[in-house]
Amino acid sequence: MAASTAPLPSKERLVAGNGLPLGQSTTIAGGPGHAAGLSSSLASEGLRQPGSVAWLPDGSVIVSDTENHVIRKIKDGKSSILAGASLSYKRDGGGLPIGGLLDGQGELAFLNRPSGIAVDGKGQVYIADSGNHAIRKIDQAGRVNTIAGNGRIGLKDGKAQDALFHEPQDVAVTEDGILYVADTLNHVIRRISPDGEVTTIGSPSTRAVQVRAGVIALAGDYKNGSLAEAQFNEPAGLALDGKGNLYVSDSGNQAIRYIDFGKGTVSTAAGSVPSSDGYAKDALYADPGYLDGAADAARFNSPRGLAWSVEDGLLIADSHNHAVRQLKDERVTTMVGGTRGYADGIESEVRFNAPADIGVASDSGELFIADQRNGAVRAWSSYKTPDAWQPGRGITAAYGDQVAQLGDLAVMKQGQTVVPVRTLGTLLGARLSYDAKNKEMTLTLGEDVITLQAGDPYMTRDQAGKEVSRAATEVEPYIANGQMMAPLRAVAELMGKDVQWNASTKLVIIRDLAERETKPGNVSFSTSNFTPRRMQVVEITGSAKLRYGGYAQVDAYKGMMLGEDDEIVTGSGTGGAKLRILDTEDVITLGNDTTLVVEQLRKIGISNVTRLNLEAGQAYYDVTDLARSTDRFDVRTGYADNSVQGTHFIITVNPLTGMTNVVTASGKISSSLVPTGTEGSLLPSGPVMISPTQQISLGGSQEGRPPVQFIDIEDLMGNASPGIIAQIIKNKNDIDRENEEFLEKKRQELQSGQSGTGTQDLIMKSPDDLAKVADNLNNLIGNIAKEALDKKKASQEEIDKLMKEASPDSGKIFDPGQVKDLDKQAGLDPALEQARLEALKRKQEEIQKKQDQQQDQLDQLQEKLGDMLAKIEQHKKQQDEANRKAQEEMKKKAEERLIQSLSAEEQARFLQGRKEAEQEKGARQPTPVSPGGGSGSGGSVSPPVTGPPVTEPPVTEPPVTEPPTTEPPGTDPFVTVIYSDDMSSELSARPDNYFGSIHFETKGLADDMEVQVRVTLTRDGIPVVGLPVRHGEQTVESNAEGSFTLQSVDGTGFKLSEVASPDIPLEFYADLLEPGSYTEKIELLEIKEGQWTVLGEGVRSIQVNLFSQFEFIGEGPFPAALDMYWGFYSKAYGLSEDTRVGYELTILDDHGQPVSLGVLGFRMKPHEPGTVPTEGYEIATPDREGVYRVNAGLTAGDMDLGGNGSDILFRWQQAHVGTYTLRIQLVDINSDISVPIGDPLEWIIEVIPTS
């Protein structure tokens, strides 16, 4: 977002084989593994959603630490605060810093969610202070001044002190002192002249959308043209080019706009151009995408910060594509990133999470990226060739600062560069030895021993005398002129190196990988094939706000949906919300002052992937048991990644300390520390399993594996909101049932001589141990209810009601006196208890130290500012109330315009929806959510208003009259079939794939009319005959015409009112096992005197595709030093019996890159339950892409894939410790090219150190 005031020098960048420029990233500040919230001098101190970066000529980097409300300066590993006192001030109810508006010396001034920053030629810093709706400046003396805006929301031009803005996100400054502002929620660009006159570029949007029936949100628009008529949708980033013209990241339109001041026009520089169908109905934003190529065909997903240089053209922080993109010569390319995550390394390894801005160093071309959701600042440096390299001297290999002139030594064979192994080994620093008798050469580098033998296509890598991986090469090593020759790339990659070839310079570039076992490959962009999923708000207490991937916040109501990159923030006090994921029925209950971001919510193949980011507060999760499922459910909390196996657990995040507390009521959670890219980072010591009645605290200064401890009911209930407590008690039956299943499994393990391990599970080595743990599990909910009473989180009456709801047949009144106390020693290893207590003591001391430090800073601030702090707080309500009224007035005007544009029927629906929304909101207890804030906004604190009173500009629109609320005039009868959102038009051939959920929308028909519903199915034009269809408790079959009739419970027809209710839809299920193109016709029929008359119909097409199904066989985690046996139970539908089939297995590391580790054997056999055999395995080797291709020449009929199925089993030997994803794909091998059948399965396994 920081604007360049002068052209930057041009520098050449070398490009990798995957199209990305060669380079390396490092983290220079923050990272997800650090607490964000203290005014520390360490650059490794966490940042809270940094929104912008700017480079200074002295080599330092300025960062807007947005949700900490400060501006930081990073240099030489140190961090200092240039401006903002919030980290020294008190916190809000959720423990987050509080922003404000106060001018003064840097460390005493207050900011509120500072976002974009720009630096002028004098070193003065300009800030888009978004939460204060103002533009601020840090002058050369370090003083903060407000140069435009006054904390009030509005759109008003004129003198700077009178001008009004609405959440400006960026600024750019020219050499002659003109400021441009991205006035984001006013959807315009503002210009501030050197003499302080504010004017507007663009036409304010009048568009409004319904985010729920009767609930509107103000939205931007899209139009090119003159400076006066152009329209934007949440402009978020600005950059000046060498001509003094302005690029704008039009984030809501997923486009890059260009303002040519000489021509006086606004045009689209990249992304979709304006069109009549640019927005879906009631959509706030244009549809996102990810596509490189010609500028007008390129696609973006919420582009934000921009930077321009002569060398690179325009650089774009493509936030929700997690990439840095480049626009140059009318083409868009990806420079780095493209996959959500957090990783440093070379270009193929780098992962971002919502990058917000880019800064460029004018001396070196180095890039600085504000990696917002990772809370980090990342540096990206282009690859620099060694000084010793001399171009034009033939093929040369470079590694680090060393080069090897290969010249005539290099030979091209089958497209591969073959070189003397000794030359390559010397370059890489390996120790070499040669066995002339066996024509075998070894290269020793650290623990690795690479072995090559002339004439053998297989090269091996050993550690401690054991083979850990092997690679096959098409060009076998051979002896020539007394030297061992081998393909350079194959040898270097087996040694864990990345190899790139630059044809124009004939330079072979060899680099180390950040992850030793990562094999380089193409970047996996965010838009790989997947199906979006949705979660729904089902309950709200108090207040809550939603963000749909952009900047605008809308009030949350029941029934509203969330998808990927959406965010929900609950209010303080009794605020809370309950969310349900539609397809899996997983339920998340949020406490007050909680921020939850949906990072991934998608279906990949047959697997449902859910990844949530709990940024602050507390959430209770009721998740489907995933112990034997291909689904994945993860919760990220800064310090920790929590991988869910099921099913009832609570996670709390303390914003001050960054500590994450995970408590399990039933099922299991696997928690791992998140590694960071800076000094002092926390390294993961492997996942920790948390069993029922256990908890773990992650974060702080701990070393090694954090200890699992017994559940602290008192602490849990002290932090839990009433909504979370109620939901836990309501789920008592489910929790008790799942815990009984857990206990039964442990009983069986005891009978077979097994027991818990101590660090990974509850210890139950005897029936007495088991009885103690069972007692705890049986009394867990009772103790939670008892503590809730003691903490006054619920009354006796409320507890009784919840208990009755959980167990309606018990008839018992809850008596806290009858609840047995929990045994805090049950299931814990006494030998580990002392270590746990010591660790707990250290944590408590650390928390107390941070709290003391915070109090000291507050005392010092109080001493310096005196009664000014009290005055700031006194004016908080004044500003909040003024902005609330301003927003209500804007919504009211927009609502009036929207109503006028609706038909009479639409008006009636809108007014009914508005009435229901008002009733819902009125029934809640009001709790504040900070206006315009986001995650961690913590509310707004405003100073006294010292300027003249603000008067709103006159309303020039014609008066609007409220439309009549009476029923619109009658119309001709009509019938519309309303399909449920989850009725897919593309199905996989498998049982229960065909599902219908419908109701009818009608007008002009009597509610008591007798009707019938008929469904007709054809496949490729031929009726589907004899198809069993389940409807309610009945099963009917399709007739010779392919038709079947839906009937009421008594086997007769329906009243029209019974099929017209969206709350009680008609549902039916069937198995469509034959692939093909189906046509479905649904008709509403009137029954009158035994005759049927068609009242209306709906027709849709359904595509049924081949389907393969897998179930994982095996029990993890797997010890690294032992042979591992696992596999997949495989079935498929829609295949002919004579189809020859095989399997493709890929083992991926945690960056999604293929790896070849250890020795892999395979075996195929008919499916049968039971133990996995340990004999009869054939060795499998990967191809050049890291894929193991396995087949035994069998057909689908031989393997009975459509019947009982088949087992494909693997034995993995000598694997490394780590987290791996197994991707298995069924393929048709009838032709020379294998063709995928259905979707692959991805299964995650943990390989742990051998105890």
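Reader: Is Thr 610 buried or exposed?
Author: The relative accessible area of Thr 610 is 2%. The cut-offs are under 20% for buried, over 50% for exposed and the range in between for partly exposed, with a 1.4 Å probe and protein chains only. With its 2%, Thr 610 therefore counts as buried.

Reader: What kind of model is this?
Author: Residues are numbered from 1 along each chain as its sequence is written, and side-chain values use heavy atoms, with hydrogens and water left out. Local features need pLDDT of at least 70 and side-chain atom pairs count only at pLDDT 80 or more, whereas totals for chains, interfaces and linings use all residues, and the model itself is predicted.

Reader: Which residues does Thr 610 touch, not counting those up to four places away in sequence?
Author: Thr 610 sits in strand β55, residues 607–623, where strands (E, at least two residues) and helices (H or I, at least four) are DSSP runs numbered from the N terminus. A contact requires heavy atoms within 4.5 Å. Leaving out residues up to four places away in sequence, Thr 610 touches Arg 533, Ile 581, Gln 600, Leu 601, Arg 632, Phe 633 and Asp 634.

Reader: Which residues are linked with Glu 599 in a network of salt bridges?
Author: Side chains of opposite charge can pair when their charged atoms come close. A salt bridge here is a side-chain nitrogen of Lys or Arg within 4 Å of a carboxyl oxygen of Asp or Glu, and the structure holds 59 of them. The network joins Glu 599 with Arg 611, Arg 632, Asp 634 and Arg 636.

Reader: In the salt bridge of Asp 157 with Arg 190, how far apart are the closest N and O atoms?
Author: The two residues belong to distant parts of the chain, 33 residues apart, with Asp 157 in the loop between β11 (143–148) and β12 (158–159) and Arg 190 in strand β15, residues 188–192. Their relative accessibilities are given separately, for Asp 157 counts as partly exposed at 34%, while Arg 190 counts as buried at 0%. In this salt bridge the closest N and O atoms are apart by 2.9 Å.

Reader: Glu 567 and Arg 547 lie in which strands?
Author: The side chains of Glu 567 and Arg 547 meet in a salt bridge at 3.0 Å, N to O, and both residues are buried. The pair ties together parts that are 20 residues apart in sequence, because Glu 567 lies in strand β51 (residues 567–570) and Arg 547 in strand β48 (residues 544–547).

Reader: At roughly what angle do the axes of helix α4 and helix α6 cross?
Author: The axes are lines fitted to C-alpha atoms, for helices over the stretch in contact, and angles run from 0 to 180 degrees between N-to-C directions. The axes of helix α4 (residues 722–730) and helix α6 (residues 767–790) come within 10 Å, crossing at roughly 150°.

Reader: Which residues of α4 and α6 make the contact?
Author: The crossing makes α4 roughly antiparallel to α6, a label for angles over 145 degrees, with under 35 roughly parallel, 65 to 115 roughly perpendicular and the rest oblique. On the α4 side the contact is made by Ile 725, Ile 728 and Ile 729, and on the α6 side by Ile 781, Ile 784, Ala 785 and Ala 788.

Reader: Where is Leu 1027 placed?
Author: Leu 1027 counts as buried at 8% relative accessibility. The place of Leu 1027 is in the loop between β67 (1022–1023) and β68 (1028–1031).

Reader: Does Asp 329 count as buried or exposed?
Author: Asp 329 is not a glycine, yet its phi is positive at about 55°. Asp 329 lies in the loop between β27 (323–328) and β28 (331–337). Because its relative accessibility is 67%, Asp 329 counts as exposed.
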